[in-house]
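Here's a friendly walk through one protein model. Have a look at the picture below, and then we'll go through it piece by piece.

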Amino acid sequence: MRDDPRLPSSPGFWRSPLRGPWFTSVLGLVLLVGITVLFVTGLVSYAAYNPDLSPVNDQTPDKGILGFYLFAWPTHPHWLYRLNQGVHVTLGITLIPVLLAKLWSVVPRLFALPPARSLAHALERISLLLLVGGALFEFVTGVLNVQLDYVFPGSFYPLHLYGAWVFFAAFVAHVLLKMPTALRNLRHLREEKNDLVPPRPAEPTVSRRGALWFVGGGSLLLFATTAGQNFDGPLRRTALLAPHGGGEPGSGPNGFQINKTAAYAGIDAAETDEDAWRLVVTGRTGTVRLSRAQLAGLSLRSSALPIACVEGWSTSDQWWRGVRLRDLAALVGYDDHPPDVFVESLQRRGAFRRAALRANQVADPRSLLALYVNGEELSPDHGYPARIIVPAAPGVLNTKWVARMTFGDL
């Protein structure tokens, strides 16, 4: 079977003259840098959700030691999450052609016989299967999340986090095994022969450098059709592959991107009516109920902050005006050192209809319960009658249609 050129287990089955150590090594080094950045920005993005603060925020309750690195998410600089998630999603999509080319370049090894020539070779084959399977799993689930297509079983958050650790462990093992060979191949003008070089190559139709330019062009095209989701205005229309990359949702002061509409969230206009809606604030000294008019009569502050979402899209800074979270904490007995806060929305379904914020986020003077944006009342889709806005926080923690706030250590 190994010598039958009709079967993929035979070296003669694979005839492309492009395959070889040099081509594979170039792609591997690009992925070495890119995937390392993806892994780090992914872990940072997970930390931004404050998953160790409250079970409400923890979408991966069985993470165990995988949460060893978690830290209190900062509020400075205010564009921190916007930058991190924009890099994570845009780079991930940009690397897809490189990943596919790399897998294509080494596919003969997946069919090589015998499956294991020694214990060391068996371990290498297992790590290779975990590497290939993990890479496909992470990139596919990531792209589906960006496209809001949740066709996979279970929640995206634990699947992507656990998959990332399995994949990166195999990735590190593979790098340690192959890095010396890759560097040697890049240094040699005439590459050494190995099992990737076909014994009877077909006539070339493109050079290896030409193939690399083709892969790079594909990555550049994906970058150009994705990166625009991080900007407002005409550039957003270039983000053809992003679910939020179309035109602005309406016009005027509220004409900037949203994640979900009030109708999608099931918000009843009768609940947000001026006469019906009350904000319930609970803390050390008891509970207060405030109408929107009473909130508007308190000391109002303004903050220029963006909204950034896990799917990679973000807005530029918008001007928000409302009551500082620390001032609301003071109403219920926390004058000097405001604690954590548990925020509940009128939205009845969805993973983030409730969210917890850390004390440092509450204490930041730019953190608001916003009533206005860009000089106008919030629209229903932007969270009327009131919403949270916190610097550097993921969009899902900026709860819309706020109904209740409970201050205290969580």
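Helices (H or I, at least four residues) and strands (E, at least two) are DSSP runs, numbered from the N terminus. Bear in mind that this is a predicted model, where local features need pLDDT of at least 70 and side-chain atom pairs count only at pLDDT 80 or more, while totals for chains, interfaces and linings use all residues. Residues are numbered from 1 along each chain as its sequence is written, and side-chain values use heavy atoms, with hydrogens and water left out.

Let's start with the whole thing. The protein has nine helices and ten strands, and its C-alpha atoms fill a box of roughly 80 × 45 × 35 Å along the principal axes. Of its 410 residues, 50% are buried; buried means under 20% relative accessible area, exposed over 50%, and partly exposed in between (1.4 Å probe, protein chains only).

Now for the helical part. An unreviewed UniProt entry annotates residues 21–49, 87–107, 128–147 and 159–177 as "transmembrane region"; such annotations may be inferred rather than shown by experiment, and the positions follow the numbering used here, with feature names shortened. Here is how two of these spans look in the model:

| Span | Distance between end C-alpha atoms | Helix and strand content |
|---|---|---|
| Residues 21–49 | 42 Å | 93% helix, 0% strand |
| Residues 159–177 | 27 Å | 100% helix, 0% strand |

Helices α1 (21–47) and α2 (80–94) each give the patch at least two residues. V87 sits in α2 and counts as partly exposed because its relative accessibility is 32%.

Over to the strands. All five residues of β1 (residues 279–283) are buried: L279, V281 and G283 on one side, V280 and T282 on the other. Two strands pair if DSSP finds at least two bridges between them. β1 pairs with β2 (residues 286–290) in the antiparallel sense over five bridges, and the two form a hairpin with two residues between them. V281 stands opposite V288 in β2. With β10 (residues 402–407), β1 pairs in the parallel sense over three bridges, and T406 in β10 is the bridge partner of T282.
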